[in-house]
Amino acid sequence: MSPRENPPGEPPAEEHARQDTERAQGPWVGRRNLLRGSVGVAGLAAGAVACHHRETRPEHRAAADRHRPEAERDRPGTRDWRLASSGPPDAVAGYADRVSVRPGQECGLHVSTTASSFRVSAFRIGWYGGACARLVWRSAPLRGRARPAAQVASATRTVRAGWPRTLAFGTDGWPEGAYLIRLEADNGHQRYVPLIVRSARGAGRTVLLHAPATWQAYNRWGGYSLYDGASGAYATRSLVVSFDRPYDASGAEKFLTYEWAAVVLAERLGIPLAYTTGVDVHHDTEVLRGAAAVICMGHDEYWTPEQRRHVTEARDAGSNIAFLGANTCFRRVRLEAGETGEERDVVCYKSSYRDDPCYPSHPDRVTTDFRQEPGADPESSLTGVLYEGYPVDASYVVHAADHWLYEGTGVRHGEGFPHLVGAEYDRVTPGPHVPGALEITAHSPLVSAGSRSHSDSAYYTVPGAAGVFATGTMRWVEALAAGTGELGRDHGMDARTRAFVTRTTENLLRGFAGGPAARHRPAPRPNAHQVYGTTGYRTGP
């Protein structure tokens, strides 16, 4: 996007001048928009929970505030954070020796490039007046060097780059948040390395939960992922994948597609935020303690049992949970030590679970689907919905138009939004693994693998007063940028869909930021058996 173009969701200059709220302008404007009619200016959420740090002395409070994510919203940003040209795969690539760091921690980069020199720039993703990123740090020019090809461990077909550390950088003064580290070769080619600067505490904040295990599962750098091997066959896939290698494509494809737009929107709202990853929540629950909400992004498929337990415990203690995608918490994985440290390998044997070293001695740690034996525990007990199929492309059809999540959208019962359901979807399957007091808010007919079915959005609450919402579609976060050209594709979703998804997500984030939703939002109206009858299963071809 050129400097003169507007960022996704930002209206043209003339629209700012006349404050025309009758046009649906997207996720990142400073006011609310309706599908029909207009409403007043929307500022920060009136019920947003303040972020308190009791241990911070008054003389240090101003300095601490400057490093909070919500303090970043109105700082000047840069539009020059996108890649100019990624070039061929060996032009420049790299990986970090940490999935995340806390502010002040050192991080190492392992880089290979065919260029004679390169630089490194670190961009923090956020609102920044619509620029969507801020340059936080830039290195001096560094000597480039091409590194050897990938190494493949024969037993598990695990790809590791095995490159030496090229440089290390500190993160003193870096605000918590999601970062894109851009490798800039002097031949004009560039590639990203994603990095999360994680929060130590999340009390009173909305925790954005990033999904690096899922990024890695789909990563085909070196010819192997958890889905296929060099031949393209499932049978030759990796059984263990490693963070000790670059990501393929741009270097941050999964983050950009399924997480970036949600980060920008959350930061624009100005609610108190915290940042972490599933890898960190696996072993550290402090960031979840007292959190107002936990937001799982658009594609967060691979979870350890520990991560799932910790998120469930947070829900039961009163933290609201949102699932902005589909296929969430579907695969059960283990994290194991790799060449550069602890928790660098993601283990998932899937259908070959009998080959997993934990089988049969530790059935609860065997890496397969959560719903499968051994140790079956369907994800719906947490998410409220169950993953059902891929690929689909269908309209999202509103069922409970008067639900508080849809307030201000102007939608009516049965109104649809083309292409919003896809490419994977979830549905409610009434039964023992689904929370009883669950309300289906959207019920979208579709055809998957020749059979008629539905995708569902669902909302439920628990005795601890937390609310839980699942969108039931993997395109929800993508829709926040629909029609802008920002992501390079939008599956045919338009500005009307963008406005609807944006307003609904604003309602969700603002409502959940106010603390346990059952205390200040209408209770769910259980309707799963009414919607599906007595069985809740597919109606057939």
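1. In this predicted model, three strands make up an open sheet in the order β13-β20-β19, with antiparallel pairing. The edges are taken by β13 (240–242) and β19 (334–336), each of which has a single partner strand, so one side of each is left without a neighbour in the sheet. On average, and with direction ignored, neighbouring strands of this sheet are turned by 25° against each other.

2. Within that sheet, the antiparallel pairing of β19 with β20 (residues 345–347) runs over 3 bridges, and Arg 334 is found opposite Val 347 in β20.

3. The largest nonpolar core comprises 74 residues, of which Trp 81, Tyr 396 and Phe 500 touch the most other members. Helix α5 (residues 260–269) supplies the largest share of this core, namely 8 residues. Another core, of 30 residues, lies apart from it and has Leu 209, Cys 296, Val 311 and Cys 329 among its members.

4. The second largest pocket holds about 470 Å³ of space and is lined by 27 residues, with Tyr 218, Lys 254, Tyr 258, His 299 and Glu 424 lying nearest its centre. The elements giving two or more residues to this lining are α4 (253–258), β21 (386–397) and β22 (416–427), and of these α4 gives the most, with 4 residues.

Note on methods:
Residues numbered from 1 in each chain as written. Predicted model: local features only at pLDDT ≥ 70, side-chain atom pairs only at ≥ 80, totals over all residues. Heavy atoms only, no water. Pairing = 2+ DSSP bridges. Axes fitted to C-alpha atoms, helices over the stretch in contact; angles between N-to-C directions. Core = buried A, V, L, I, M, F, W, Y, C linked by side-chain atoms within 4.5 Å. Buried < 20%, exposed > 50% of the residue type's maximum accessible area, 1.4 Å probe, protein only. 1 Å grid on protein atoms, 1.4 Å probe; cavity = no way out; pocket = protein on both sides within 12 Å on 5 of 7 lines; lining within 4 Å. Points joined across faces, edges and corners; volume = space filled by probe spheres on them.
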